[in-house]
Amino acid sequence: MRRRPRPLTVPRVLHLAAGLAVGYLLVPLVGLVGNVPWRELPRLLGDPLVLDAMRLSAITSIGATVLAAVLGLPLAVVLARSSFPGRRLVRGLVLLPLVLPPVVGGAALLFALGRGGILGAPLYRATGLVLPFSTAGAVLAATFVSLPFLVVTVEAALAGLDPRRELAAATLGAGSWTILRRVTLPAVAPSVASGLLLTWARALGEFGATITFAGNLPGRTRTLPLAVFVALEHDRPKAVALGLLLVVVALGVLVALRGRWWRTS
Amino acid sequence: MSRSWRRARTARPRLRSPGIVVLVALLAACGGDGRTTLTVSAAASLADAFGEIETAFEARHPDVDVILNLGGSATLREQILAGAPVSVFASADLETVSDFVEEGRFERWVVFASNRLTIGVPAGNPAGITSLRDLARPDLAVGLCAPEVPCGRVARRVLDAAGVDVRPVTEELDVRALVTKLEAGELDAGLVYRTDVPAAAIDEVPLPTGLPADTEYVIGVISGGPESELAGRFVRFVRSRDGERILERHGFGR
């Protein structure tokens, strides 16, 4: 796989198709950047509502990443290291949010965790806690859609690990906790890091599940993507400015992931 | 191997800049059965009424396929400004299209229906809301439309006039999204249109007369839009006796 022979010739039609694909990815970016009101940029990005959205996005995306780590790392280890009935089913379940339209995920969360939901109703009666329309709700929505990125990345890394080191540690008398802490996790640490970064990026970009489950309120649930959507309705320069900000963040993520998630040969 | 490559033909889509344009163009191209398509952008609150108008219009014009593009009026407006090939635009208020009127983006336009804001509550009114003043209760989850969209603008006008200070928990971008959250019982109350109530699983607490809760819907033929002659016929049908009957049945006023 790694050492493939250099392809001598590629059918010319492929170059054409590849060029189209590149163009299709590039043209929207050019459209966005070409519309950036550079002079007004500081004013637009310094707007209190925009700063609110940035703050909220930081809170929700980091919150979702932490929650995904707490929930996702054990799941990845269990999926990779133990066999149990229904393991394939669980793996499919993990992948579901990747292929499910986020707005469906948001509606499902509403019916499950809302005030009248199967889990939300008893929670509300017991504690008075209401998750929809709250920042906590926005964190939960982002966690739902971004969790697979962490689980899939870490599980793949664990599956690719040479089991001999863990076996050696076991023969030397290490317990399962020690092996996990001292051998397994350090070996997959780079993958955990890139998984966390991907998770964070997905959480930052989350829109559909958030607006459906958590609603849209400045300062509470209106994250950057929602702010872009609202700005598109009445203030296009602001929408473009926010869009540029998110593109820059996305490029930063790709730079941080270079060589790990995509090869720089 | 290489033969099959050569035989494969690449599709070369023409690129147009804003994605919305491509999307609406795709929508418009969907009626590929020889019928002429007529794209009508209509405010979300018109969804049910215009669905019926679409059916009735198509029954009279079997060679025409009406495509309804429903959404918040502000979104629809931006789509048209971005060059979406829309023939008719029905907005939930005049304010959204004031510059369309001033700058001649409408070939012709007319106020064709009216609506009124009302307090929407989940079925059975579990929070026991009796007046607009109740919406200020801090223990309630109240939703409004965002101030950028027509239903949000009227809502704020009404609340200002009544001197009621509401802290909404969400600002939805079209009235249907607000209705959905009322139906789910996640909101205790929200200011929606009177016409939203019958079709949804929600109840209403009417606003007292005297509050500026009335809105006017505007419909117009987009200047230079596709099928402008047919667009004119659609608008005339909306305003015909049959069109008016459909609108009335869905609770719209004249």
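The second largest cavity has a volume of about 50 Å³, where a cavity is, on a 1 Å grid over the protein atoms alone, a set of points where a 1.4 Å probe fits but cannot get out, and where a volume is the space filled by probe spheres set on grid points that are joined across faces, edges and corners. This is a predicted model, in which local features need pLDDT of at least 70 and side-chain atom pairs count only at pLDDT 80 or more, while totals for chains, interfaces and linings use all residues. Residues are numbered from 1 along each chain as its sequence is written, chains are lettered from A and ligands numbered from 1 in the order in which they are written, and side-chain values use heavy atoms, with hydrogens and water left out.

**Cavities**

- A search of the whole structure finds 2 cavities of 30 Å³ or more.
- The lining of the second largest cavity, meaning residues with an atom within 4 Å of a point, includes Ser57(A), Ala138(A), Leu204(A), Glu206(A) and Pro225(A).
- Helices α3 (48–81), α7 (135–159) and α9 of chain A each supply at least two residues of this lining, and α3(A) gives the largest share, 3 residues; helices are DSSP runs of H or I with at least four residues, strands are runs of E with at least two, and both are numbered from the N terminus.
- By class, the lining of the second largest cavity divides into 5 nonpolar, 5 polar and 1 charged residues, with Ala, Val, Leu, Ile, Met, Phe, Trp, Tyr, Cys and Pro counted as nonpolar, Asp, Glu, Lys and Arg as charged, and the others, Gly among them, as polar.
- The largest cavity holds about 70 Å³ of space and is lined by 14 residues, of which Gly72(B), Ser73(B), Pro150(B), Cys151(B) and Val175(B) lie nearest its centre.
- Because domain 1 (13–114 + 216–249) and domain 2 (115–214) of chain B both give residues to the lining of the largest cavity, it lies between them; the domain bounds come from an automatic or database domain assignment.

**Second largest pocket**

- About 550 Å³ of space lies in the second largest pocket, a pocket being an open set of points with protein on both sides within 12 Å along at least five of seven lines.
- Of the 24 residues that line the second largest pocket, Val103(A), Ile211(A), Thr212(A), Asp174(B) and Ala177(B) lie nearest its centre.
- The largest share of this pocket's lining, 4 residues, comes from α5(A), and the lining as a whole has 13 nonpolar, 8 polar and 3 charged residues.

**Aromatic rings**

- Over all chains the structure holds 11 aromatic pairs, in which rings of Phe, Tyr and Trp (its six-membered ring) have centres within 6.5 Å, planes under 30 degrees apart counting as stacked, over 60 as edge-to-face and the rest as tilted.
- The rings of Phe207(A) and Phe229(A) form a tilted pair, because their centres are 5.1 Å apart and their planes lie at 50°.
- Phe207(A) is partly exposed at 26% relative accessibility, as is Phe229(A) with a relative accessible area of 31%; buried means under 20%, exposed over 50% and partly exposed in between (1.4 Å probe, protein chains only).
- The rings of Phe57(B) and Phe237(B) have centres 5.8 Å apart and planes at 55°, so this pair is tilted, and both residues are buried.
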